[in-house]
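Keep the model open while reading.

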Amino acid sequence: MALSEYVVLHLDNGLSSTSNPPSTSNVSQVEETCDDSMCAYGVKARLKLTEDIMFLEISHESGATNSINNAKSDLGLGNDDGPSSELWSTPSDGDWQRWEARAMVRAVALHSHRRPPPSSLKIESASTQIVSVTSKKVGVCKCIATSPAEETAYKTKVTRNGNIAKLQAGYLFPEIGRRKAAHMLKYPDAQVISLGIGDTTEPIPEVITSAMAKRALGLSTVEGYSGYGAEQGEKQLRAQLASTFYANLGIEEDDIFVSDGAKSDISRLQVLFGSSVTMAVQDPSYPAYVDSSVIIGQTGQFQKDIEKFANIEYMKCTPENDFFPDLSKVSRTDIIFFCSPNNPTGSAASREQLTKLVKFAKDNGSIIVYDSAYAMYVSGDTPKSIFEIPGAKEVAIETASFSKYAGFTGVRLGWTVVPKELKYSDGFPVAKDFNRIVCTGFNGASNIAQAGGLACLSPEGLEAMHEVVGFYKENTKIIVDTFTSLGFKVYGGIHAPYVWVHFPGQSSWDVFSEILEKTHVVTTPGSGFGPAGEGFVRVSAFGHRNNVLEACRRFKELYK
Ligand SMILES: Cc1ncc(COP(=O)(O)O)c(C=O)c1O
């Protein structure tokens with residue numbers, strides 16, 4: 001498409017509520033002139049408008065829902081048509097579509113507070129056609145564009161994986177990263193504090209890094225060099241993991257597969273199970289379970305009205321059920337993903353609850369994938385491993401990680417336990433197939449990282465990890481006390497570095513945006529973890545102490 005065919009789209013000041021739906025005839029493509037200083041990617045977006053369709057994504061922020069509802073009514077659609085936010089199309093299209101589904105629009109407009117209100121989007125073409133689209137009152141634009149060169153570039157004949165195409169706009173955390181980047185461009189002088197993504201911030205204890213440094217330096221010597229290691233991990237590390245975390249639980253060295261992190265193992269497990277199994281997941285939950293299930297082809301399409309993928313059993317976990325699903329209402333699935341302590345709610349299942357879960361799996365012949373990435377944050381009698389529950393070895397796999405214990409989010413080291421007792425319906429051991437997956441798709445964790453892992457499990461390393469965990473738990477308490485003192489209902493934060501704050505009746509994205517806009521603190525909207533997370537915001541305790549204190553000071557200022 002020639003550049004001359006582009007028309008310019010302005011974000012105007014002043015709310016112009018049009019009673020007419022957007023008219024886009026004669027307009028084939030629009031170049032958006034956003035304020036470049038506001039553009040996170042430094043590019044201008046091209047909104048591709050065709051005869052009958054225009055898409056624009058609007059973030060959930062205060063006021064957004066109203067203006068979107070206005071837009072819906074302008075388009076003759078009821079409030080129940082389509083998602084409660086984000087997108088609209090002209091009536092001739094009739095249906096609400098996600099922008100990526102059509103791949104027609106290459107722009108995401110991120111609106112937030114304090115900017116001059118761009119409420120109408122005006123399109124000027126040679127014939128000076130004006131198209132107004134109701135928008136929210138205030139906003140800043142961030143654009144993601146495909147260049148004309150890209151659009152006309154050579155394309156292969158390979159069809160896109162339809163399962164990946166089912167995924168929604170983006171993985172939650174990159175989306176938050178994008179919003180943070182846009183915010184920083186908007187407020188270049190603001191001291192933005194991130195209590196959002198859940199990445200660790202404190203240095204790795206030296207007893208651990210020195211072991212890694214030693215192994216790294218050894219690689220430069222003939223005696224110290226080693227190449228490919230065992231795909232399942234170094235024997236000594238596997239043995240040490242078994243004795244440190246599973247002593248007296250009947251888990252042995254050869255049940256343990258060392259990996260480059262729990263997230264990779266979640267995807268490896270999905271490859272292991274394949275596309276024909278059914279799966280259940282806590283709602284809300286860490287997004288990797290659902291996304292990997294979609295990618296591997298276990299699900300149907302995303303159902304916008306209920307914000308769920310078809311063919312996944314969402315097990316609602318809310319304060320009303322003590323964050324443990326009512327299993328009498330859960331349909332049988334082959335696989336049950338269960339994370340405890342839970343990300344994002346911070347709740348940890350009790351021994352009694354896990355006993356029920358194991359029984360439920362056994363009665364149904366299901367396999368539990370138990371994510372214990374935060375087990376070291378557990379105190380008291382609450383189980384740290386699913387294998388503390390009698391009979392769990394016959395129905396459960398456990399995946400775990402050094403990421404949140406020793407600041408290994410960048411180093412990358414985790415492990416997965418697949419007990420030899422766990423069998424498929426034909427009696428074949430699951431571990432044998434997992435071994436095959438690991439040998440085929442993974443050549444073992446980095447030897448330097450494994451040296452670090454071994455150091456983590458030395459007496460000094462364990463003590464150092466407990467200190468790191470203790471530090472984050474103190475942060476957690478500061479956050480819990482802050483929100484509690486402000487009158488909020490707060491959950492989690494005892495056995496996990498996450499605080500789950502309730503904002504009844506409000507949209508999570510609205511709250512996220514308000515907090516970011518008014519305090520420059522990044523949190524995570526609860527609805528990003530599943531529909532039952534709506535109305536909650538997750539505040540992570542991973543942060544330097546002074547940042548956590550400062551963030552809490554700002555929260556007090558905002559909500560006093
Ligand atoms: C519940 C849960 N599982 C797994 C992971 C990923 O861990 P890793 O860094 O080992 O891939 C995370 C990271 O935040 C998590 O919250």
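The shell around the ligand has six nonpolar, four polar and four charged residues. This is a predicted model. In total, 14 residues surround the ligand. The closest are Asp371, Tyr374, Ser401, Ser403 and Lys404. Helix H8, residues 262–273, gives at least two residues to the shell. Helix H11, residues 403–406, also gives at least two.

The table lists three of them.

| Residue | Protein atom | Distance to a ligand oxygen |
|---|---|---|
| Ala262 | polar backbone atom | 2.7 Å |
| Ser401 | N or O atom in the side chain | 2.6 Å |
| Lys404 | polar side-chain atom | 2.7 Å |

How much of the ligand does the protein bury? Taken alone, the ligand exposes 390 Å², and the protein buries 93% of that. The space that the ligand takes is the second largest pocket.

Next, the contacts of Gly300. This residue sits in the loop between helix H9 (288–296) and strand S8 (302–303). Which residues does Gly300 touch, leaving aside those up to four places away in sequence? They are Lys166, Phe309, Ala310 and Asn311. Ala310 is ten residues from Gly300 along the chain. Their C-alpha atoms are separated by 4.5 Å.

Not counting residues up to four places away in sequence, Ile478 touches Arg545, Val548, Leu549 and Cys552. Arg545 is 67 residues from Ile478 in sequence. In space, the two are 9.5 Å apart, C-alpha to C-alpha.

Now the backbone. Most residues other than glycine have a negative phi, and most peptide bonds are trans. Where do the exceptions described here lie? The peptide bond from Ser340 to Pro341 is cis, with omega near -5 degrees. Pro341 belongs to the loop between strand S11 (335–339) and helix H10 (351–364). Asn343 and Pro344 are also joined by a cis peptide bond. Here omega is about 20 degrees. Pro344 too has its place in the loop between S11 and H10.

Glu307 concerns phi instead. Although Glu307 is not a glycine, its phi is positive, at about 55 degrees. Glu307 is in the loop between S8 and strand S9 (308–309).

To return to the ligand: its shell includes Ser401 and Lys404 among the closest residues. A side-chain N or O atom of Ser401 is 2.6 Å from a ligand oxygen, and a polar side-chain atom of Lys404 is 2.7 Å from a ligand oxygen.

Technical notes
Residues numbered from 1 in each chain as written. Predicted model: local features only at pLDDT ≥ 70, side-chain atom pairs only at ≥ 80, totals over all residues. Heavy atoms only, no water. Helix = DSSP H or I, 4+ residues; strand = E, 2+ residues; numbered from the N terminus. Contact = heavy atoms within 4.5 Å. Near = heavy atom within 4 Å. Polar contact = N/O pair within 3.5 Å; in protein donor to acceptor, adjacent residues only side chain to side chain. Areas by Shrake-Rupley, 256 points an atom, 1.4 Å probe, with all protein chains shown as cover. 1 Å grid on protein atoms, 1.4 Å probe; cavity = no way out; pocket = protein on both sides within 12 Å on 5 of 7 lines; lining within 4 Å. Sits in = over half its atoms within 2 Å of the grid points. Nonpolar A, V, L, I, M, F, W, Y, C, P; charged D, E, K, R; others polar.
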